[in-house]
Amino acid sequence: MSNVSEVLNERQVQEVYGFTVPFLRRARRERRGPRFLKVGKLVRYRRSDIEAYLAAHTVETSAV
């Protein structure tokens, strides 16, 4: 079972990871952003889901 501190609200995601709240809301609406949890009207993000989203969108560059 995950620790409560591992679940973040939109503002916490913004503070820790830099995704803006409008981006998160638009991404949810368009089903293209990080996975999220929804319980009633509450939206929460697992740290592991945010980090997986970032890893999946990492662009490798060649060293010069």
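A nonpolar core is a set of buried Ala, Val, Leu, Ile, Met, Phe, Trp, Tyr and Cys residues joined through side-chain atoms within 4.5 Å, where buried means under 20% relative accessible area, exposed over 50% and partly exposed in between, with a 1.4 Å probe and protein chains only. The model shown in these views is predicted, so that local features need pLDDT of at least 70 and side-chain atom pairs count only at pLDDT 80 or more, whereas totals for chains, interfaces and linings use all residues. Residues are numbered from 1 along each chain as its sequence is written, and side-chain values use heavy atoms, with hydrogens and water left out.

**View 1. Overall arrangement of the protein.** The protein holds 3 helices and 3 strands, taken as DSSP runs (helices H or I, at least four residues; strands E, at least two) and numbered from the N terminus. From the N terminus on, these elements follow the order β-α-α-β-β-α, and the C-alpha trace spans about 50 × 30 × 20 Å along its principal axes. Of the 64 residues, 23% count as buried. Among contacts (heavy atoms within 4.5 Å) with a separation of 6 or more, 43% are accounted for by residues 24 or more positions apart.

**View 2. The largest nonpolar core.** This core has 10 residues, namely Leu8, Val13, Phe19, Phe23, Leu24, Ala27, Val43, Tyr45, Ile50 and Tyr53. Helix α2 (21-29), strand β3 (42-46) and helix α3 each supply at least two of its residues, and the largest share, 3 residues, comes from α2. Leucine 24, one of the core residues, touches Glu10, Val13, Phe19, Pro34 and Tyr45 when residues up to four places away in sequence are not counted.

**View 3. Leucine 8 in strand β1.** Leucine 8 lies in strand β1, which covers residues 7-8, and counts as buried at 4% relative accessibility. Not counting residues up to four places away in sequence, leucine 8 touches Val13, Tyr17, Val43, Arg44, Tyr45 and Arg47. Its C-alpha atom is separated by 22 Å from that of threonine 58, which is 50 residues away along the chain.

**View 4. Packing of α1 against α3.** Helix α1 (residues 10-17) and helix α3 (residues 47-56) pack at an angle of about 50 degrees, with their axes 12 Å apart; the axes are lines fitted to C-alpha atoms, for helices over the stretch in contact, and angles run from 0 to 180 degrees between N-to-C directions. The two helices are therefore oblique to each other, given that angles under 35 degrees count as roughly parallel, over 145 as roughly antiparallel, 65 to 115 as roughly perpendicular and the rest as oblique. Val13, Val16 and Tyr17 of α1 and Arg47, Ile50, Glu51 and Leu54 of α3 make the contact. These residues divide into 5 nonpolar, no polar and 2 charged, where Ala, Val, Leu, Ile, Met, Phe, Trp, Tyr, Cys and Pro count as nonpolar, Asp, Glu, Lys and Arg as charged, and the others, Gly among them, as polar.

**View 5. Packing of α1 against α2.** Here the angle is about 120 degrees and the axes are 9 Å apart, and α1 and α2 are therefore oblique to each other. The contact is made by Glu10, Arg11, Val13 and Gln14 of α1 together with Val21, Leu24, Arg25 and Arg28 of α2, and the residues involved divide into 3 nonpolar, 1 polar and 4 charged.

**View 6. Glycine 18 between α1 and α2.** Glycine 18 has its place in the loop between α1 and α2, and is exposed, with a relative accessible area of 52%. Glycine 18 and threonine 58 are 40 residues apart in sequence and 15 Å apart in space, C-alpha to C-alpha.
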